[in-house]
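Here are my notes on the rings and the charges around them. Have a look at the model, then go through the points below.

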Amino acid sequence: IRRRSWSSTIFEDAENDKTYDTINPTDGSVICKVSYTSVGDVDRAVAAAKEAYENGPWGRMNPRDRGSLLYKLADLMEEHQEELATIESIDSGAVYTLALKTHVGMSIQTFRYFAGWCDKIQGKTIPINQARPNRNLTFTKKEPLGVCAIVIPWNYPLMMLAWKSAACLAAGNTLVLKPAQVTPLTALKFAELSVKAGIPKGVINILPGSGGMVGQRLSDHPDIRKLGFTGSTPIGKQIMKSCAVSNLKKVSLELGGKSPLIIFSDCDMDKALRMGMSSVYFNKGENCIAAGRLFVEESIHDEYISRVVEEIKKMKIGDPLDRSTDHGPQNHKAHLDKLLEYCEIGLKEGATLVYGGKQVDRPGFFMEPTVFTDVEDHMFIAKEESFGPIMVVIKTEDLICEDIRANDTEYGLASGVFTRDINKAMYVSERLEAGTVFVNTYNKTDVASPFGGFKQSGFGKDLGE
């Protein structure tokens with residue numbers, strides 16, 4: 001398969017016919033060659049998006065008709081959901097059942113939700129002085145920005161595309177989107193489906209390639225009016241700086257996390273076990289809201305760790321296309337290597353490795369689900385995000401005061417608390433400095449609920465009104 005970069009309504013070769021290999025993390029094999037976008041290709045795509053916005057039918061279209069096209073696109077994604085889930089599994093390592101339900105399923109829901117917003121974006125009339133009949137009237141209008149750039153990560157390739165681009169399109173903008181270099185395939189399939197849905201040419205442009213080159217050019221480009229980014233905090237800072245210096249383009253950032261999960265001794269132990277494991281191991285830990293630190297009350301600590309290890313031993317690690325697999329490969333080799341180094345640092349600092357910490361002895365980029373205990377606040381693994389299947393547990397005596405330690409981080413994306421005591425739950429959740437607080441659950445997101453972080457986890461929201 002030769003997957004080309006997307007511009008206007010056809011697949012096009014990159015400048016100089018340059019390509020790169022996208023790799024299957026299950027066995028390290030080459031899936032196919034993908035066009036490698038140049039700076040010149042970025043400029044052509046932005047020009048196509050600008051032309052589509054200024055002179056094409058998209059911006060002038062009745063909003064209800066624009067919504068109909070997005071509904072049709074969602075229907076086509078649903079018709080192709082098994083294909084999309086298979087591509088996602090092969091390219092990203094996501095377990096197929098999860099890819100079908102979450103990676104693809106929530107993407108479809110997102111486009112349907114925002115399709116419904118197209119004809120509900122409205123301004124206000126404002127009472128002002130001298131507003132009597134036949135005098136003065138003040139009203140506001142909500143206008144699209146124009147060409148928007150979107151840069152997405154590799155952990156939920158299609159879902160991150162949907163979270164950002166569905167709202168962007170519903171508002172009447174055109175977009176230029178760079179998928180992660182290591183996971184471009186569902187974005188390219190999405191582009192194909194957008195043509196079948198009747199989205200006008202130039203409205204959606206997909207540019208696979210280097211973040212350093214393509215992402216930087218998008219940040220610098222004078223014709224882009226907003227950039228939406230999900231990824232690491234250091235890259236987010238660089239993007240924000242470039243957006244400011246270039247043309248003061250708007251920016252929204254969803255960045256790193258080190259989310260605390262506080263587990264009280266009066267919790268529902270079975271639920272806290274199930275959800276606590278999910279908070280760490282969901283999508284192989286490649287999850288921005290993953291619980292980076294578990295504060296577990298001393299009286300239940302040993303039982304909790306023992307039961308976690310029991311459950312890990314039952315997990316089936318293997319081919320993500322196998323419907324019985326619980327835990328697939330990490331997304332790419334460089335990430336696996338970082339995770340192994342992360343575990344080595346934890347050991348050197350004096351944390352206790354209870355389970356895992358090694359690469360699975362088989363082809364591909366598989367890592368054992370890992371558990372560290374005896375972790376102290378000053379340790380590297382207590383402060384830095386792993387973005388992998390590594391449970392970091394801090395044993396504490398008095399959890400009612402742990403909101404202070406939980407907030408001792410520069411991140412503030414998500415958090416959680418498990419307790420049967422509603423007063424305790426409300427007390428702690430009100431004090432946690434995070435964009436989302438889960439109470440007796442975890443990893444629950446919905447298209448109608450806004451999602452975003454505090455502090456160095458970024459600003460701006462995905463999803464919701």
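1. Start with Arg66: its charged end sits over the ring of Trp58, 5.9 Å from the ring centre. "Over a ring" here means NZ of Lys or CZ of Arg within 6 Å of the ring centre and within 35 degrees of the ring normal. Arg431 does likewise with Tyr427, its charged end being 3.7 Å from the centre of that ring.

2. A word on the source: this is a predicted model, where local features need pLDDT of at least 70 and side-chain atom pairs count only at pLDDT 80 or more, while totals for chains, interfaces and linings use all residues. Numbering runs from 1 along each chain as its sequence is written, and side-chain values use heavy atoms, with hydrogens and water left out.

3. How many aromatic pairs does a search of the whole structure find? It turns up 7, counting rings of Phe, Tyr and Trp (its six-membered ring) with centres within 6.5 Å; planes under 30 degrees apart are stacked, over 60 edge-to-face, the rest tilted.

4. One of them is Phe111 with Phe190, a tilted pair at 5.5 Å centre to centre and 35° between the planes. The two residues are 79 apart in the chain, Phe111 in helix α5 (residues 96-115) and Phe190 in helix α7 (residues 185-196); helices are DSSP runs of H or I, at least four residues, strands are E runs of at least two, and both are numbered from the N terminus.

5. Phe111 is buried, at 0% relative accessibility, and Phe190 is buried too, at 2%. Buried means under 20% relative accessible area, exposed over 50%, partly exposed in between (1.4 Å probe, protein chains only).
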